[in-house]
Amino acid sequence: MRRIFFWAHFAMGLAAGVFVLLMSVTGVLLTYERQMVSAAQNAAVEAPAGAEPLSVEALAEAAFAAGGTPGNTLTVQRNPTHVATLSKGRRDNSLLDPYTGEVLEHAGEGAEAFFGRVMRIHRWLAFTGGRNDVGAAINGAANLTFGALLISGVVLWWPRKWKWPLVKTQLFFRRGLPNAKARHYNWHHVLAAWSFLPLFLIIISGAVFSYGWANKLVYAAFGETPGGQGKGRAVVVAPPPELAGDVLPLDPLIEQATESFGNWRRVTITLPEPDASTLDVSVDWGNGTQSSKKRNVTVARDGSGLIGAPVGDVSSPAQKMRRYLRFVHTGEVYGFIGQTLAGLASIAAIVLVYTGISLAVRRLLRMKHAARS
């Protein structure tokens, strides 16, 4: 059985190695995409001499002037010198200058274009243009093959005897090895052991993106169907109260909404109707992708305080799992540390491909030499 696993591992590695390498290299490049795009967007802001950032109320007025309507959202960062974002739809976003309220047409455009191309190569093998169905099929198959390589690698890695002197040679880098073959063998085993879990999560989540059947399996595990009405936590919506006074500007209302969240990073305001008595605010103290670090708050616009308790994620279990898989793929679900671990796992995958192909080529050359003899 070990011999069967070895030759299966050998053949799959040679067949998918180049594509796994390409996905790993692009994965490394995408590690800190969110932070780098955000930095590029904020770098486009030019603060006028002696000017102060606009208030949230003024930014909301600028959002309406830029084509926003009630029901659209305005995201404001805790740092008032950072850009604000007007969202009219999933892919219809405008960046607003925090000093003038004007739309920043090309802020971060170069960074977005670069990471967009890297993402298309990573997902669809598309070096030019948009989605490439053939490339998507190749990368999807290579991802599944990589998963099979990990599993077969566990069988080959598993020590015949669990004695520490033997096990530690499979877990730690060794010095003084006589040649490149011995070094590559050691690196291959050690990196496979330490990167197995993050790579396994990356592969599983990638399969869910690539294949409809995998996505359906996630929902079926919770008795749901994609696009169906899952059984999320019920939220009792109280009727909006009558205004007891004048409508206050947004700034003091935001202070009320964030009073219990001293470490908040950004707030997303649902632009209200002029005569609305309440304001819906989403308070985020994470990186923007961590649903466990978000709360939805409703504030009375007359300043009388919060209406009800802050509400967390009310999605169904399957929807929560799908979102988890979306951001565990990039590590973002665990914040900066998770992103770093995902990036390190991708680097490990690059070395695994390199050392695996190196060992395979050496074996093929030995086999060829033996056959000639």
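What follows is a working chat about a predicted model of a protein.

Visitor: How many helices and strands does the protein have?
Guide: The model is a predicted one, and the protein in it has 11 helices and 6 strands.

Visitor: And what box do the C-alpha atoms fill?
Guide: Taken along the principal axes, the box is roughly 95 × 50 × 40 Å.

Visitor: How many residues, and what share counts as buried?
Guide: The protein has 373 residues, and 39% of them count as buried.

Visitor: What share of the contacts comes from residues 24 or more positions apart?
Guide: Taking the contacts with a separation of 6 or more, such residues account for 60%.

Visitor: Strands next. What does β1 pair with?
Guide: β1 (73-77) pairs with β2 in the antiparallel sense over 3 bridges. β1 also pairs with β4, again antiparallel, over 5 bridges.

Visitor: How is β1 joined to β2?
Guide: By a hairpin, through 6 residues.

Visitor: And where does β3 go?
Guide: Strand β3 (residues 92-96) pairs with β2 in the antiparallel sense over 5 bridges. S87 stands opposite N93 in that pairing. β2 and β3 form a hairpin too, with 2 residues between them.

Visitor: Let's move to the packing. How many residues are in the largest nonpolar core?
Guide: That core has 24 residues, and L74, V76, V267, V281 and V283 have the most contacts inside it. At least two of its residues come from each of α3, β1, β2 (84-89), α9 (250-258), β4 (266-270), β5 (278-284) and β6 (294-300).

Visitor: Is there another core, apart from it or part of it?
Guide: Another core lies apart from it, with 17 residues, among them M23, I203, A349 and V353.

Visitor: Back to V281. What is it in contact with?
Guide: Neighbours within four places in sequence aside, V281 is in contact with I254, A257, V267, T268, R295, N296 and V297. One of these, V267, is also among the residues with the most contacts inside the largest core.

Visitor: Where is N72?
Guide: N72 is in the loop between α3 (56-65) and β1.

Visitor: Buried or exposed?
Guide: N72 counts as buried, because its relative accessibility is 10% and the cut-off for buried is under 20%.

Visitor: What does the side chain of N72 do there?
Guide: A polar atom of the N72 side chain lies 2.8 Å from the backbone nitrogen of T69. Beyond four places in sequence, N72 is in contact with G67, L86, S87, K88, I269, T270 and L271.

Visitor: Changing topic: which residue caps α5?
Guide: N132 caps the N-terminal end of α5, with a side-chain oxygen 3.2 Å from the backbone nitrogen of V134.

Visitor: What span should α5 have, and how far apart are its ends?
Guide: Helix α5 (residues 133-157) has 25 residues, so at 1.5 Å a residue it should span 36 Å. Its end C-alpha atoms are 35 Å apart, which agrees.

Visitor: Where does A360 sit?
Guide: A360 is found in helix α11 (residues 335-372). A360 is buried, with a relative accessible area of 6%.

Visitor: What does A360 touch?
Guide: Not counting residues up to four places away in sequence, A360 touches F10 and L14. A360 and L14 are 346 residues apart in sequence, and their C-alpha atoms are 7.7 Å apart in space.

Visitor: One more: H184. Which helix, and is it buried or exposed?
Guide: H184 is in helix α7 (residues 180-210). H184 is buried, at a relative accessible area of 6%.

Visitor: Which residues is H184 in contact with?
Guide: Leaving out neighbours within four places in sequence, H184 is in contact with Y354, T355, S358, L359 and R362.

Methods: Residues are numbered from 1 along each chain as its sequence is written. This is a predicted model: local features need pLDDT of at least 70, side-chain atom pairs count only at pLDDT 80 or more; totals for chains, interfaces and linings use all residues. Side-chain values use heavy atoms; hydrogens and water are left out. Helices (H or I, at least four residues) and strands (E, at least two) are DSSP runs, numbered from the N terminus. Buried means under 20% relative accessible area, exposed over 50%, partly exposed in between (1.4 Å probe, protein chains only). Contact means heavy atoms within 4.5 Å. The expected span of a helix is 1.5 Å times one less than its number of residues. A polar contact is a pair of N or O atoms within 3.5 Å; within protein, one must be able to donate a hydrogen and the other to accept it, and residues adjacent in sequence count only if both atoms are side-chain atoms. A nonpolar core is a set of buried Ala, Val, Leu, Ile, Met, Phe, Trp, Tyr and Cys residues joined through side-chain atoms within 4.5 Å. Two strands pair if DSSP finds at least two bridges between them.
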